[in-house]
Every structure is written in structure tokens, then in C-alpha cells.
Amino acid sequence: GVVVGATFVGSDVAELLHSATVAVVGKVPLDLLWHCVPSYPTVSEVWLRLLEARRAG
């Protein structure tokens, strides 16, 4: 129920590193991570899409 690692490939992925680091090191449960709203509009919004995909699966 927590993120244990993350890999990003592509342009502008540096924006995602901080959120991934916090999630992994903090062992933030996915149910709680779901409520962490990223600033808008940014690439970091991909977190919401990833969490939505996890919930659906």
C-alpha cells in the first residue's frame, strides 16, 4: 500500500522527483497520498493519474 520506488523517463521529469522521494522515504500510504494535491498546472499532476490507475486496478 505504499510506493517503494519510482522511475521516470522523459523531458521535465525532474519535477516528479521530489514528490516521489517524499512518498518513498516517508512510506506514505496510497490512501493518504491520494489527498496530496500537486500544484497546478505542472507535470507533477501525473501522480494523480498514477493513483487513479492504482485505485482502478
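This is a predicted model: local features need pLDDT of at least 70, side-chain atom pairs count only at pLDDT 80 or more; totals for chains, interfaces and linings use all residues.
Which residues does A23 touch, leaving aside those up to four places away in sequence? Its partners on that count are V3, V28, L33 and W47.

**The nonpolar core**
- A23 belongs to the largest nonpolar core, which has 10 residues.
- Its four contacts named above, V3, V28, L33 and W47, are listed in this core too, along with V13, L16, A20, L30 and L51.
- Three helices, α1, α2 and α3 (46–56), each give two or more residues to the core.
- The biggest share comes from α1, with three residues.

- You will find F8 in the segment before α1 (14–25).
- F8 touches V13, L16, L17, A20 and W47, again setting aside residues up to four places away in sequence.
- Among these partners, V13, L16, A20 and W47 are members of the largest nonpolar core.
- F8 itself is partly exposed, because its relative accessible area is 22% and buried means under 20%.
- Between F8 and A53 there are 16 Å in space, C-alpha to C-alpha, and the two are 45 residues apart in sequence.

**K27, in a loop**
- K27 sits in the loop between α1 and α2 (30–33).
- With a relative accessible area of 62%, K27 is exposed, because the cut-off for exposed is over 50%.
- The backbone of K27 has a phi near 50°, a positive value in a residue other than glycine.

Terms used
Residues are numbered from 1 along each chain as its sequence is written. Side-chain values use heavy atoms; hydrogens and water are left out. Helices (H or I, at least four residues) and strands (E, at least two) are DSSP runs, numbered from the N terminus. Buried means under 20% relative accessible area, exposed over 50%, partly exposed in between (1.4 Å probe, protein chains only). Contact means heavy atoms within 4.5 Å. A nonpolar core is a set of buried Ala, Val, Leu, Ile, Met, Phe, Trp, Tyr and Cys residues joined through side-chain atoms within 4.5 Å.
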